[in-house]
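These are my notebook entries on a single structure. I set down what I looked up, entry by entry, and what I found.

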Amino acid sequence: MTEQTGKKYGAAVKMATLCVALLMYTTSMTTPALAEIAKAFPDASGETVKLISSIPSLMLCIFSLVSGWMTTKISIKKSILIAAALIFVGVFPAFFGGMNFIIATRVIFGAGYGLVFPLASAVVTDLFEGSTKDTMMGWKSAVGAAAGVVFQSLGGILTAYSWRYAFLGFLLVIPIVVIVLFILPDTGVRARAEKKEVESGGKKFTSVLLICGVVGFLLNAVQFSYMQNMAMFMAADEIGSALDAANVLSTFTAASFVAGLIYVAFAKIFKKFTPALAILLVGCAFGIAMNAKSLPMLFVSAVVFGFGFGFTNPSLTLKAASGVTDPAYTPMAISIYVCCTGIGQFMSAYILKFLRDTLGMTAGRADWKIACIAIVVGSVIGLVCLAVFGGKKAADA
């Protein structure tokens, strides 16, 4: 039984719901160990070692869609437990195995990662509604921002003892599973409303989901250049050290955490304009970053980017979740949206290279300039469309 049928869930269920989000960020625990793994396996190519971090992104594109299909056969809770079991396989390299074994476990881990990514949002939309749903989605983003920092720091601490110890961090899956198993409600599989499906001409999704999918793909194709290129651009322009770059990115994470906590207030103020304004903040952050001549200005850009990023994730996810003809299709809608964002992330480097070559841009911060122009223009067009058409189509959907 969900809130839609009158059930109100308390703090324990909300905690269990947020614990699901922690599973998404376990992938960051092994990132600090990549250099040590490369030393341990000198015969492995650099590309092979990088697969340890890139495989989960590829698997996200595939298994995020499997996740949506799975929820039509079994409950969201059972799906989460299956995803957690696959993620737990990531712990095995802590005890034995060579490079091929590590890659194999990363494929299995990636499958679980791909499954749980949309489920972390689907469980929120399944259990809560109204302002509570918006609040929980914001908190999910805040928890994710904090978890990313904590898990990466934990991985660094464990790597200091041995690269294998970095994989021990996956033992944290056990308490999360216990919490989900005993506290998270099992709402079963939602039955489809056949009448609504007939009225909608057999359509499961609306144009809202299509728009969110395209926006999610394009945004992720350019916005991740901010994190990926920060250290390189700072070094090239002699603005700061690697430690300074880490501090800038930590500031971005901290701002994302705060944005998640206050997302509901932001959404209440700007209502239908929330997604477009959130994306515009990301574009403004790129504008500040590409013109920054000093370290303090990069910190300013990180704060703006963090707030934009922290507001964008819940707003687009909630909007994508609304792009269905019946609530039974909500998990699948979220899965499709997540798949689009995953493809955007995975293709980011190739898309930006194509745009640089096509536009003949060779300046050091070309990626940031492309991102700034694309995001600002896109968000302004979105704001104009919402102002002119009043978001009627989205509201009707």
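**Entry 1: a threonine in a helix contact**

I began with T253, which is buried, with a relative accessible area of 15%; the limit for that word is under 20%. I note at once that the model is a predicted one. T253 is placed in helix α11. Leaving out residues up to four places away in sequence, I found that T253 touches A145 and V149.

I then asked how helix α6 and helix α11 pack. Helix α6 covers residues 130–159 and helix α11 covers residues 242–261. Their angle is about 160 degrees, and their axes are 7 Å apart. I therefore recorded α6 as roughly antiparallel to α11, since angles over 145 degrees are classed in that way. The crossing of α6 and α11 is left-handed.

Next I listed the residues of this contact. From α6 I wrote down G138, W139, S141, A142, A145, A146 and V149. From α11 I wrote down T253, S256, F257, G260 and L261. Sorted by class, the residues of the contact of α6 with α11 are seven nonpolar, five polar and no charged.

**Entry 2: helices α10 and α16**

I looked up a further pair, helix α10 (residues 225–236) and helix α16 (residues 366–389). They pack at an angle of about 150 degrees, and their axes are 10 Å apart. This angle makes α10 roughly antiparallel to α16. I noted a left-handed crossing for α10 and α16.

On the α10 side the contact is made by S225, Y226, N229, M230 and F233. On the α16 side, D367, W368 and A371 take part. The contact of α10 with α16 has five nonpolar, two polar and one charged residues.

**Entry 3: helices α3 and α5**

At what angle do helix α3 and helix α5 pack? I read about 35 degrees for α3 (residues 46–70) and α5 (residues 99–127), with their axes 6 Å apart. The crossing of α3 and α5 is right-handed.

I turned to T312, which lies in helix α14 (residues 295–321). Is T312 buried or exposed? T312 is buried, with a relative accessible area of 3%. Apart from neighbours within four places in sequence, T312 is in contact with L219, A278, I279 and V282.

**Entry 4: cysteines**

How many disulfides are there? I recorded zero disulfides. A disulfide is a covalent bond between the sulfur atoms of two cysteines. I checked C212: the closest cysteine sulfur is in C340, 9.7 Å away, which is too far for a bond, because the cut-off for a disulfide is 2.5 Å. C212 is buried, at a relative accessible area of 4%. I also looked up C19, which counts as buried at 9% relative accessibility.

**Entry 5: positive phi outside glycine**

Lastly I looked at two loop residues. E238 is not a glycine, although its phi is positive, about 55 degrees. E238 is found in the loop between α10 and α11, and at 74% relative accessibility E238 counts as exposed.

K271 is also a residue other than glycine with a positive phi, near 50 degrees. K271 is found in the loop between α12 (263–270) and α13 (274–291). I noted K271 as exposed, with a relative accessible area of 59%.

Terms used: Residues are numbered from 1 along each chain as its sequence is written. This is a predicted model: local features need pLDDT of at least 70, side-chain atom pairs count only at pLDDT 80 or more; totals for chains, interfaces and linings use all residues. Side-chain values use heavy atoms; hydrogens and water are left out. Axes are lines fitted to C-alpha atoms, for helices over the stretch in contact, and angles run from 0 to 180 degrees between N-to-C directions. Helices (H or I, at least four residues) and strands (E, at least two) are DSSP runs, numbered from the N terminus. Angles under 35 degrees count as roughly parallel, over 145 as roughly antiparallel, 65 to 115 as roughly perpendicular and the rest as oblique. A crossing is left-handed if the near helix is turned anticlockwise from the far one by less than a right angle, and right-handed if clockwise. Contact means heavy atoms within 4.5 Å. Ala, Val, Leu, Ile, Met, Phe, Trp, Tyr, Cys and Pro count as nonpolar, Asp, Glu, Lys and Arg as charged, and the others, Gly among them, as polar. Buried means under 20% relative accessible area, exposed over 50%, partly exposed in between (1.4 Å probe, protein chains only).
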